[in-house]
Amino acid sequence: MKKVKLFSLLAVSALAAAVAVPTFAASSDRLVVAQATNGSAALQAGAQAAQAPAAQTSQNFMTMKAAMELALKEAPGVLKSISFDIADNGYLYYDAEVHYNNTEYDLKFDAVNGTLYTSKQDRIDWDEAIPAGSYITYEQAAEAALKEVAGGFVSKLELENRRYDGMVYDAQVWLGDYEYTVILDADDAKVIRTTYERESDAAYYNRYVSGSPVTETPSAPSGATSSAASGTSSQAQPSQTAQNGSSRITMDRAREIAQGQVPGGRVTDVEFEYEHGFAVYEVEVREGYFWEHKFVIDASSGEILFTEKEFDD
């Protein structure tokens, strides 16, 4: 992103008075970069009629629907993306991107009490602009994603214009220790593809935030079309298990587990650290000349929490 600067609350107030605010739940939304098409009456009606998907409710933090409304009050315009995130210290927050009159507003606020942490603005890059058109709403995209990954939690929704797929919603859904990426046609909610991988944020949410942890999850949802580019190989079984809360596998064992996932690969780096309160090992394995694998391994059990494969020239 180019140089950014804080925008004043006074400017936001002036925008709020001058323009209409769109609601993600209104079925007649037309998303336009230059102007919003919904009036305040439509916002109120949509907010009353719309219900957040069942898997999006929680007693501990605001729903994604509420987060969208908060973002649009702070920066009236067209919502580009909304995502639920977990900081390394365990704090929960939402990131939102709103477009209005060729300006991109990036917001970060507390997911529990709505306190605004960051408010930045920048000019919209040409490849990030949202073309005018009639698309399914954010609520419809969330519902379609949850049909694909039943029982999950939608952690991100982003409207994108992709070179080969056209206008799509990129939806991320957490279920158990997995993160599923569901790409949906923005015109009719048809699933284009679904990928998945183990993800430490999903595991943290499942165990400590959701209120109803999923103990067993399938390696892929029923409608998944492929695994993630990084893959999710069957995990190696640790030879040393935790005997108490302070026990952990050795660094050498973490190295063995990671290297066992990449036959012929060579371990280039092993680090022990705490991530979201978890004691983990991060192991990098080089495969040939161009591929690099990254594994995040639970230091207590030896379970592989996250894998990533990147082309590195």
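1. Confidence. The model is predicted, and its chain has an average pLDDT of 74, with 71% of the residues scoring at least 70. Two stretches call for caution. Over residues 1-59 pLDDT stays under 50, and the model has 112 contacts beyond four places in sequence for them. Residues 220-245 also stay under 50, with 53 such contacts.

2. Main core. The largest nonpolar core comprises 57 residues, and Phe61, Ile82, Phe84, Tyr94 and Leu157 are those with the most contacts inside it. Leaving aside residues up to four places away in sequence, Phe84 touches Phe61, Leu92, Tyr93, Tyr94, Ala111, Phe153, Ser155, Trp174 and Tyr205. Apart from this core lies another, of 15 residues, which includes Ile249, Ala258, Val267 and Phe295. In soluble globular proteins, nonpolar side chains tend to be buried together.

3. Helix α6. In this helix (residues 251-260), Arg253, Ala254, Ile257 and Ala258 are buried. These residues lie on the same side of α6 because they cover an arc of only 135 degrees around the axis. The face turned away from the buried side carries the exposed residues Asp252 and Gly260. The packing partners of the buried α6 residues are β13 (278-287), β14 (291-298) and β15 (304-311).

4. Ser301. This residue belongs to the loop between β14 and β15. Its relative accessible area is 29%, so Ser301 is partly exposed. A polar atom of the Ser301 side chain lies 3.2 Å from the backbone nitrogen of Glu303. Along the chain, Ser301 and Val280 are 21 residues apart, and their C-alpha atoms are separated by 9.7 Å.

5. Most residues other than glycine have a negative phi. Which residue has a phi near 65 degrees? That residue is Asn102, where the value is positive although the residue is not glycine. Asn102 sits in the loop between β4 (92-100) and β5 (103-110), and it counts as partly exposed because its relative accessibility is 41%.

6. Ala189. A positive phi of about 70 degrees is also found at Ala189, which is not a glycine. The loop that holds Ala189 runs between β10 (178-185) and β11 (191-198). Is Ala189 buried or partly exposed? At 22% relative accessibility, Ala189 counts as partly exposed, since buried means under 20%.

Methods. Residues are numbered from 1 along each chain as its sequence is written. This is a predicted model: local features need pLDDT of at least 70, side-chain atom pairs count only at pLDDT 80 or more; totals for chains, interfaces and linings use all residues. Side-chain values use heavy atoms; hydrogens and water are left out. pLDDT is the predictor's confidence in each residue, from 0 to 100. Contact means heavy atoms within 4.5 Å. A nonpolar core is a set of buried Ala, Val, Leu, Ile, Met, Phe, Trp, Tyr and Cys residues joined through side-chain atoms within 4.5 Å. Buried means under 20% relative accessible area, exposed over 50%, partly exposed in between (1.4 Å probe, protein chains only). Helices (H or I, at least four residues) and strands (E, at least two) are DSSP runs, numbered from the N terminus. The arc is that of the directions from the helix axis to the C-beta atoms. A polar contact is a pair of N or O atoms within 3.5 Å; within protein, one must be able to donate a hydrogen and the other to accept it, and residues adjacent in sequence count only if both atoms are side-chain atoms.
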